[in-house]
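Here's a quick briefing to read alongside the model. Take a look at the picture, then work through the points below.

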Amino acid sequence: MKVRIRDIGSSGLTLEQSVLPHEIGVEEGFLISTEPVIVTAIIDRAGEIILANVELTACSQNECARCLAPLRQRFVMKYQFDFEPSPGDEFIDLGQRICEEIVLGYSSRILCKEDCLGLCCGCGADLNKDKCQCKNKNS
Ligand SMILES: [Zn+2]
Ligand SMILES: [Zn+2]
């Protein structure tokens, strides 16, 4: 997802594009590969520097960090990138920066609900649905 520097006029450039995760290089499994990532970017020049305010909406497939229940989530992330193009550069690569942010900034501490009870570390029961079996044995 490259942006031609020449297209960024004095009043900036607004982009709205939907791309599939692999098109911006996200190969990790947590984004649903068939669900497009919607990218809205407002790109401005500040002297030699190019500033991009990016908002993206993506769908992730994950599991709850406590109970391992599969989760599908739609989330919105906002980033601000700055680019310092070298003389002669024609494009800035917005997709690559987005990819880095998604891969690096992604939190694996996702819960299916705030008060998820998780799995019993003794018997592995899903405490949201089942009773712990080890307590039964002890009593
Ligand atoms: Zn959970
Ligand atoms: Zn247990």
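Predicted model: local features only at pLDDT ≥ 70, side-chain atom pairs only at ≥ 80, totals over all residues.

Let's start with a definition: rings of Phe, Tyr and Trp (its six-membered ring) pair if their centres lie within 6.5 Å, and planes under 30 degrees apart count as stacked, over 60 as edge-to-face and the rest as tilted.

Residues are numbered from 1 along each chain as its sequence is written, chains are lettered from A and ligands numbered from 1 in the order in which they are written, and side-chain values use heavy atoms, with hydrogens and water left out.

**The aromatic rings**

- The structure holds two aromatic pairs.
- One of them is Tyr79 with Phe81, a stacked pair at 5.6 Å centre to centre with 20° between the planes.
- Phe81 also pairs with Phe83, this time edge-to-face, at 6.4 Å centre to centre and 65° between the planes.
- Tyr79 and Phe81 are both buried, and Phe83 is buried as well; buried means under 20% relative accessible area, exposed over 50%, and partly exposed in between (1.4 Å probe, protein chains only).
- Arg97 lies over the face of Phe83, at 4.5 Å from the ring centre. For a charge to sit over a ring, NZ of Lys or CZ of Arg must be within 6 Å of the ring centre and within 35 degrees of the ring normal.

**The zinc site**

- Which residues hold the zinc ion (ligand 2)? Cys120, Cys123, Cys132 and Cys134 coordinate the ion through their SG atoms, at 2.1 to 2.4 Å.
- Donors are N, O and S atoms within 2.8 Å of the metal (3.2 Å for Na, K and Ca); water is not among the atoms, so sites may look incomplete.
- Along the sequence, the donor residues follow the spacing C-x2-C-x8-C-x1-C.
- Cys123 is partly exposed at 32% relative accessible area, while Cys132 counts as buried at 12%.

- How many disulfides does a search of the whole structure find? The search finds zero, where a disulfide is a pair of cysteine sulfur atoms within 2.5 Å.
- For Cys99, the nearest cysteine sulfur is that of Cys59, 17 Å away.
- Cys99 is buried at 13% relative accessibility, and Cys67 is buried with a relative accessible area of 7%.
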